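Welcome, and please open your viewer. We will go from one selection to the next, with a short note on what to look for at each stop.

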Amino acid sequence: MTVAFFSGKRRRAAAALGAVSAGLLVLSACGDKPTPLVTVTIGSDSVHAEAACYNDGEAIKESEIQDCLTKKPTETIEVAMDDKVRMGVDPEIADNGWTLLFGAQPVEQEPFKKTYRTIPGNAFFSSMTGEPTTKTAVSVMETKGKRVVGIWNFQFVKE
């Protein structure tokens, strides 16, 4: 009777192939892939958020956009009036273009096409009536042409 032994090299190759196969099987079982991230940094404090609404890069229904904008933010960060607020988005968001909204109101006419921008902290704390506010709902809205494809929500609290 003969016994076949694998050499060390073949055993390692078989083990590696098995590990890769198992990893792919686990990944394919996960139907949900994470949404792109938006990051807000003030000094050394950062918060990251996944989208409040995201349809894998496809347009969000018009009837759902307002609900997405008013969803409770998952992340809150304190902002002083003299802080520099740094906002960063994943490259795929920048490729399409993104717009800032304060309290569900757009604050710019054209979508921004870069992954990073700096905004003074005092820009976030004036209301439509001109009276100062102590907190602001800030949203990032990704667009593809005229279609909205993603919305990320944050709560900024005046320090």
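**Stop 1: a charged pair**

Select Glu-108 and Arg-117: their side chains meet in a salt bridge, 3.0 Å from N to O. The term stands for a side-chain nitrogen of Lys or Arg within 4 Å of a carboxyl oxygen of Asp or Glu. A search of the whole structure finds one such bridge.

Before moving on, a word on the model. It is predicted, so local features need pLDDT of at least 70 and side-chain atom pairs count only at pLDDT 80 or more, while totals for chains, interfaces and linings use all residues. Residues are numbered from 1 along each chain as its sequence is written, and side-chain values use heavy atoms, with hydrogens and water left out.

**Stop 2: around Arg-117**

Is Arg-117 buried or exposed? With a relative accessible area of 15%, Arg-117 is buried (buried is under 20%, exposed over 50% and partly exposed in between, with a 1.4 Å probe and protein chains only).

**Stop 3: three phenylalanines**

Now select Phe-102, Phe-124 and Phe-156, which form one aromatic cluster. Rings of Phe, Tyr and Trp (its six-membered ring) pair if their centres lie within 6.5 Å; planes under 30 degrees apart are stacked, over 60 edge-to-face and the rest tilted. By this rule there are four aromatic pairs. The planes of Phe-102 and Phe-124 stand at 45 degrees with ring centres 4.8 Å apart, so this pair is tilted. Phe-124 is buried, at 1% relative accessibility.

**Stop 4: the nonpolar cores**

A nonpolar core is a set of buried Ala, Val, Leu, Ile, Met, Phe, Trp, Tyr and Cys residues joined through side-chain atoms within 4.5 Å. Select Val-40, Met-87 and Phe-156: of the 24 residues in the largest core, these touch the most other members. A second, separate core has 10 residues, among them Cys-68, Leu-69, Leu-101 and Val-148.

**Last stop: confidence**

Colour by pLDDT, the predictor's confidence in each residue from 0 to 100. The protein averages 84, and 79% of the residues score at least 70. Finally, select residues 13-30, where the pLDDT is below 50.

Methods. Contact = heavy atoms within 4.5 Å.
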